[in-house]
Each structure stands twice: as structure tokens, then as C-alpha cells.
Amino acid sequence: MPALRDLVAEELSLPADPRVRAMAAAVAAKYGKSARAVLFYGSCLRQKQLDGLMLDFYLIVSSYREAYGRGWMAAANRLVPPNVFPFQDGNLAAKYAVLSEKDFWKLNGPETRNVSVWARFAQPSRVWAADDAARDRAIDSVARAVPTLLGAVLPTAAKSSDPLDLWRHAFALTYSAELRAERKARGGSVVDFEPDRYRRFTQAGLAVAVPNRASWARRRIEGKMLSVVRLAKASATFAGGADYIAWKINRHSGTNIVLKPWQRRWPLLAAISLLPRLLRSGAVR
């Protein structure tokens, strides 16, 4: 059975759509020498048709000071990581989140109670790297995600002969620990799309996972509060952020939210005004 790091290295090196590779390189080019790696992940990784979708990237930088200089962006990224920005390359649209190499390592590990990063990178991803050292560090960080996820869910998992049940349970818990527009079954569909991948990763991940008995009730409360804080911060960095939020909610939950002009001008106030109705309707959870 291959070791977990070997599985991660193999997966990260798999080819992505040429347009995705070009966009990753373009994102990195905006940040010059501070750009260390760009990781492509999420639902668009599973799609063959990319037009009309929003691609998801994480940009890993050497440090926030090198990426932004002395401005407030560096402080915001350090205090409430990550910063999130929109990106357009030809006909494709994307958003990318910025983390330092240090934070990317930490946020994939069991010392981080919030699920946001390690739940995403326990799923498949691809990488562009500035050099071999950056690639190795990205592999090492991503390889922490699977054992962190499995260690966090093992204490609450029912016994089953099917390893996929463990993964479905894991993603059901992590989806519940953020404000999400996706339906409850989304975590299971992620596993069912690529079941052989999750079977391969199970034994290797469990071999290094350490059960973590942190309260999932506390994770949910803290995670949803952090989601609101990140949304507030994104209103200052993400042009068109209110339209993106409405599009994502409509796409995943079948609602038909149409923003008013004032909501586009004031995306934070729009999010605050919409949140109670969205929670009541179940559009976000």
C-alpha cells in the first residue's frame, strides 16, 4: 500500500485542463516571486465543461508581506486567513484564496479546529509550483489534510465495512461546520463521484490519523461565525462579491435571489440582510 504522501504527490501531479494550468500560472504571475504554489480544487475539478462556472484556486505565497507589501491587505490575510479575490482569464472566471506557506501547513493540520482548509484538501486537487522546493512543501501540507479529517471524525463514526461510509460521514460533518449553500447530500456526492480514490486514501490516511475528540458542536458554532467574518472581509476585496454569493446560492439550493442595486453597492449589508431569510429557508446551513 503506498504511503499517504506518495498518494498525494501522485494526485497533485495529475494533469489539469490546459486552460486551468494557464489560469493558475496567470494568478501566480500577479504576485511575482512571492507566489510559491497554486492549487486547483473543488467542483470544477470534476467538470469537463468549465465555461459559466467559477473555478477555485488557493494561491500559496512565501509571506503576506512579500505578497502585498506593508498595506492593510497583509494584516487582514494574517489575522483572518485567507483573503479571497476574483480573477478573469479569457472566458473563464475564478476566485482564489491567498495563504502563506506557513498558514497553509498549519490550517491543514489537527492543531486547527476550523475545517475550512483541511476538509477541502482531503479532496482531490492539482498543483502548479514555482520550483521543486515549493512543490515538496505543498505536498507535505496537503498530506496533512486526510489524517486530520479522519482523526476528527473517527470518534463519532459508526462501524461499517464500507470505508466510503466514513468519508460520507466526514464530509457531512465538515459541510455542517460552515455556512454552505450546497444541499445536505453534497458531501456524499463528492465521495460517490470518485469512490476508488477515497478507498485508496482510507488505509494510508488511517495509518497516520490520531483521533481528535474536539466537539463538533463547537466546530459548527465557531465555523459559522468565522464564515460571517470572512464574508465581511471579502466585501472589501471581492469585486462583485454580492453577485457571486447570490449566484452560488441560487445554483446550489434552487432559490431565485435577485439583488437590488443597493445590495450590489453594499455587499456586506446585503449579506447581513439576506442571511436570516436564507437560514430560515435552508438555502444556507
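1. Basis. The model is predicted, so local features are given at pLDDT of at least 70 and side-chain atom pairs at pLDDT 80 or more, while totals for chains, interfaces and linings use all residues. Residues are numbered from 1 along each chain as its sequence is written, and side-chain values use heavy atoms, with hydrogens and water left out.

2. Length of α2. Helices (H or I, at least four residues) and strands (E, at least two) are DSSP runs numbered from the N terminus. Helix α2 covers residues 18–29, and its end C-alpha atoms are 16 Å apart, in agreement with the 16 Å that twelve residues should span. The expected span is 1.5 Å times one less than the number of residues.

3. Sides of α2. Val 20, Met 23, Ala 24, Val 27 and Ala 28 are the buried residues of α2. Because they cover an arc of only 140° around the axis, they lie on the same side of α2; the arc is taken from the directions from the helix axis to the C-beta atoms. Pro 18 and Ala 29, on the other side, are exposed. Buried means under 20% relative accessible area and exposed over 50%, with partly exposed in between (1.4 Å probe, protein chains only). An α-helix has 3.6 residues a turn, so residues three or four places apart point the same way.

4. Cover and cap of α2. The buried residues of α2 are covered by elements that include β1 (35–41), β2 (54–61), β3 (83–89), β4 (92–100) and β5 (125–129), where contact means heavy atoms within 4.5 Å. At the N-terminal end, Asp 17 caps α2 with a side-chain oxygen 2.8 Å from the backbone nitrogen of Arg 19. A polar contact is a pair of N or O atoms within 3.5 Å.

5. Burial of β4. Nine of the nine residues of β4 are buried, so this strand is largely enclosed by the rest of the structure. Leu 92, Ala 94, Tyr 96, Val 98 and Ser 100 point one way, and Ala 93, Lys 95, Ala 97 and Leu 99 the other way.

6. Partners of β4. Strands pair if DSSP finds at least two bridges between them. β2 and β4 run parallel and are joined by eight bridges; Leu 55 has Ala 94 as its bridge partner in β4. β3 pairs with β4 in the antiparallel sense over seven bridges, and Asn 83 is partnered by Val 98.

7. Helix α9. Asp 162 caps the N-terminal end of α9 (residues 163–176). Its buried residues include Trp 167, Phe 171 and Tyr 175.

Technical notes: A polar contact is a pair of N or O atoms within 3.5 Å; within protein, one must be able to donate a hydrogen and the other to accept it, and residues adjacent in sequence count only if both atoms are side-chain atoms.
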